[in-house]
Amino acid sequence: MKKILLFFAVIAAGTILANAQNKWSLEDCINYALTNNVDIKQQMLNIQMGEEDVLKDKLGYLPDLNGYASHGYNWGQTIDPYTNWFATERVRSNNFYLSASFVIFNGLQKYNTMKQDQFNLLAYRYSVDKFMDDVSMSIAAGYLQILFDKELLKIAQSQLDITHQQVERTKKLVDAGTLARGDLLLVEAQASTEELQVITAQNNLDIAYLTLAQLLDLPSAEGFEIEEPDISLVDKPQSPLGPDEIFIFATANQPDIKSAELRLQASEKTLAIARGSLSPNLNVSGSWGTGYSGAAKDLNKGFNPITIESAAIGFTASGETVFSNPYEKFLDYPIKSFDSQLSDNLNKSLMLHLNIPIFNGWMARSNIAKAKIGIENANYTLELTKIRLRKTIQQAYADAVAALKTHSAAEKKVEATTESYKYAEQKFNVGLINSVDYNQAKKDLTRAQAELLQAKYDYLFKTVVLDFYMGKPITLKNQ
C-alpha cells in the first residue's frame, strides 16, 4: 500500500511540475480540476452508493438463504432434545440448520424500491454533473479575472512609463524656464500615484492567481501561469437565440433540471412503496435441520438378558408371594453414532405465510400522507430550479447585451480621450496648459481604458455563460 501511494504521489507531483513549467489554458485548468478536485471525488461517492443500492435491489429478488451450526457441551441435569430423556452427565450437542424464504408478493414494494433507487442513481449522476459545471464556471470566472487583472496591470505600467517620460521632459522644460517648478512637482506626484496603482494592480493579479490555484487545489501558486488567448470582440456576431429559446434548450439538457425531475419520479415511487404496505404479503419458506446429542443411546445394542434363579422378594396385601425378575439386563447402551444421528434427527419444513395488514397504529396511512407531501415538495423544487435557471439566463443575456453596448461606447470614449490626451500632452510640452490639466487628461484616458476593459470581460463572461447553457464547451477559443 505504501508503494502504491508513493507511486501515485510521484505521478501527481510530476503532473504538477509539468503543468508548472507550461502555461495553462482554460481547458487545462478545467480538465485538471475535474480530475483532481476533492469535492468532486467526494460527490462521486454518492454515485457509488447509488450503484450499490441498485445492485442490492436486483439481488433482493433472489430467495434468502441462511445457515446455522453449533457445537456445545452441557453439564448437570438436562433434557436431551432428541430423546426427551434426562441426562446428568456432560452431554455434547451439535445442531445444523438451513432456512430459505422467498417473497411471492408484497404489494410491488421491491419493484418500486428498485425503480426509486434507479431514479436516485441517475439523479446523483446529474447532481455530480451540475457540481462539475459549477466548478468549471468558477474556474472560467477565475481565469478571466486573471486576464482582466493582467491587462489592467499593463495599462497601469504603460501609464507609469508615459509619466516617467513626461517627468524627464518636464525637467528639461523647467530647466529651460518654459514651465514652473511646481508643474514638475505635480508630474512627479502623479508618477508616485501611478507607481502605487501598478503595485495595487500587481497585488490584484497575484491574488487572482492564488484564487485560481486554490480552485484547482494546487499546493502553491508559485510558477503557475496561464495562457493569454487572443480575445477580440470586434465584429463578434450576436447569438440568433434570445433568452426564451436558450431557456427551452437548457431545461431539456441542464443536469440540475434533470436531477430535479428524477427526484420527483423517485418521490412518486416512495408513494407507491407506502401504498404497497397496505397490500397483503405472501411468502414461502422452507427449512432443513438435523443434530447430534451425546446423550442419545442406541437401544438396539447393549441389551443382553441372562436367566437367573427367581427369589421371593415380598408379599402382596392379600398375602401372595412376589418373586424377582428371572432376567437380568446389562444396561450398557452405546451412544448413537454421529452419522446415524444426523440421518435419524433430520427434519424438513415448507410453509406459506400470508400477512394481511389490518391496523398498525396508522403508520401506513401516515407514510402515504408523507409521501404525497414529498411529491409536492419535489414538484416545488423542480419549479424553483426552472425559475432560477430562467432568471440566470435572462440576467446573463441582459448583462451581455448591456456589456456589448457599453463596450461599443467605451471604445468610442477611448478613441476620443486618446486624442484629447495627445492634444493635452502637446500643449503641456509647449507650456500652453499646466500639469493639473495634463494629469486630468491622462486620468481620463486611464479611466476610459479601464472601463473598456471591464466591458470587454463582462461581455466575454456572460457569453461564456450563455454558450454553456446552449450546451457548448467552456472555452475562450474563437471568441
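A surface patch here joins residues with over 30% relative accessible area and no salt bridge, linking like charges within 9 Å and nonpolar side chains (Val, Leu, Ile, Met, Phe, Trp, Tyr) within 5 Å. The model is predicted, so local features need pLDDT of at least 70 and side-chain atom pairs count only at pLDDT 80 or more, while totals for chains, interfaces and linings use all residues. Residues are numbered from 1 along each chain as its sequence is written, and side-chain values use heavy atoms, without hydrogens and water.

**View 1. A nonpolar patch on the surface.** Tyr61, Phe102, Ile104, Phe105, Leu108, Tyr111 and Leu352 form the patch, with about 680 Å² of accessible area together (Shrake-Rupley method, 1.4 Å probe, only the protein chains shown counting as cover for residues). Strand β4, residues 91–105, gives the most, with 3 residues (strands are DSSP runs of E, at least two residues; helices are runs of H or I, at least four; numbering is from the N terminus). Leu108 lies in the loop between β4 and α4 (109–175).

**View 2. Helices α7 and α9.** Helix α7 (residues 255–276) packs against helix α9 (residues 363–429) at an angle of about 170°, with axes 8 Å apart (lines fitted to C-alpha atoms over the stretch in contact, with angles from 0 to 180 degrees between N-to-C directions). That makes the two helices roughly antiparallel (angles over 145 degrees). Among the residues that meet are Ile257 and Leu264 in α7, and Ile368 and Leu382 in α9.

**View 3. Ala396 in helix α9.** Ala396 is in contact (heavy atoms within 4.5 Å) with Lys462, Val465 and Leu466, leaving aside neighbours within four places in sequence. Ala396 and Val465 are 69 residues apart in sequence and 7.0 Å apart in space, C-alpha to C-alpha.

Terms used. Salt bridge = Lys/Arg side-chain N within 4 Å of Asp/Glu carboxyl O. Parallel < 35°, antiparallel > 145°, perpendicular 65-115°, else oblique.
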